[in-house]
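Morning, everyone. Please bring up the structure, and we will walk through a few places in it.

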Amino acid sequence: MRAIHLNGYGGPEVMSLAAAQDEEPGPGEVVITVAAAGVNRADLLQRRGHYPPPPGASQILGLECSGVVTALGAGVQDWAVGDRVCALLSGGGYAERVVVPATQMLPVPDSLDLGAAAGLPEVAATVWSNLVMTANLHANQLVLIHGGGGGIGTHAIQVAKMLGARVAVTAGSAEKLARCAELGASVLINYRKEDFVAAVRAEESGAGGPGADIILDNMGAAYLERNVEALAEHGQLVVIGMQGGVSAELNLATLLRKRGTIHATTVRTRQATGAGSKAEIIAELRRHLWPLIADGTVVPVIDTELPIEEAAEAHRLLDSGEVFGKVVLRIREL
């Protein structure tokens, strides 16, 4: 098979398409012949040498894919050869075939193209595990989503709105904010022109006070202090990214006064099974979210689809910040 390899760490030019070794499925695993793979900012970090795969994971980039099941390992009973699926991966998505635990797969509805489906598993797992399973998002709360125009942001807006929350977003252009509004956001903040803390503090939270009940943050260090200021009483800050750095100082008195909570989580390094595992997240998605994917209530937002041969361009495009939603690599037509 062929896969994207890293010839060192650095810019998009370090990626090349070359032959790779096929793997056989172990017990509880399946082989997916890959139709498409989602491109995520974690891939850009790994390419630069800042986000190594967990021990035992594939060194090939790609945290999500879609395709067709072509082989089953021992003990797999809930899937069959020929099933259209998408999967959450620890690595290996930028390849023609990938081995994945059966517990990390989801069915692709007949109404959904495999290219679009490739952009779902990572964002869906990230959003659901953080907003719902960790922060217990519920109706009437005010949730602030940083990076509303990104892959996670466009999905989080829809999920939060579907759960009855009011949604505030930050984005860098009027065009992106308008598209966020179409997805369900009602508080629209241009971070290039407005102070997001002031904008959110002007809103009443579900708890009755000013500020956000939950903040989903992809910036990390750069926004830490300001995010805490933007929280309502008993608010929760959920940090899922480090685009703004990894180290910052925090005035704990502000957090104590608000009786607030800070969570910092990642999906990639979770264990495969057990409490809080990838298998548990996927089971929750299939039970609660997937019916809404199937009926079109929640839709994957795909900005651009490029062939695997243009993986470097896909990385440049995502890194530019100009996309709205996801970038997807098409591996083959299935």
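Start at A311, which sits in helix α10, residues 311-320. Helices here are DSSP runs of H or I with at least four residues, numbered from the N terminus. This is a predicted model, where local features need pLDDT of at least 70, side-chain atom pairs count only at pLDDT 80 or more, and totals for chains, interfaces and linings use all residues. Residues are numbered from 1 along each chain as its sequence is written, and side-chain values use heavy atoms, without hydrogens and water.

Is A311 buried or exposed? Buried, at 2% relative accessible area. Buried means under 20%, exposed over 50%, partly exposed in between, with a 1.4 Å probe and protein chains only. Leaving aside neighbours within four places in sequence, A311 is in contact (heavy atoms within 4.5 Å) with I4, M15 and L329. A311 and Y94 are 217 residues apart in sequence, yet 8.7 Å apart in space, C-alpha to C-alpha.

Now the cores. A nonpolar core is a set of buried Ala, Val, Leu, Ile, Met, Phe, Trp, Tyr and Cys residues joined through side-chain atoms within 4.5 Å. The largest has 46 residues. L131, V143, L285, L289 and W290 have the most contacts inside it. Helix α9 gives the most to this core: seven residues. Apart from it lies another core, of 36 residues, including A37, C65, L318 and V323.

Last, V143. Beyond its neighbours within four places in sequence, V143 is in contact with L131, L137, A160, A165, R166, V167, A168 and I214.

Note on methods: Helices (H or I, at least four residues) and strands (E, at least two) are DSSP runs, numbered from the N terminus.
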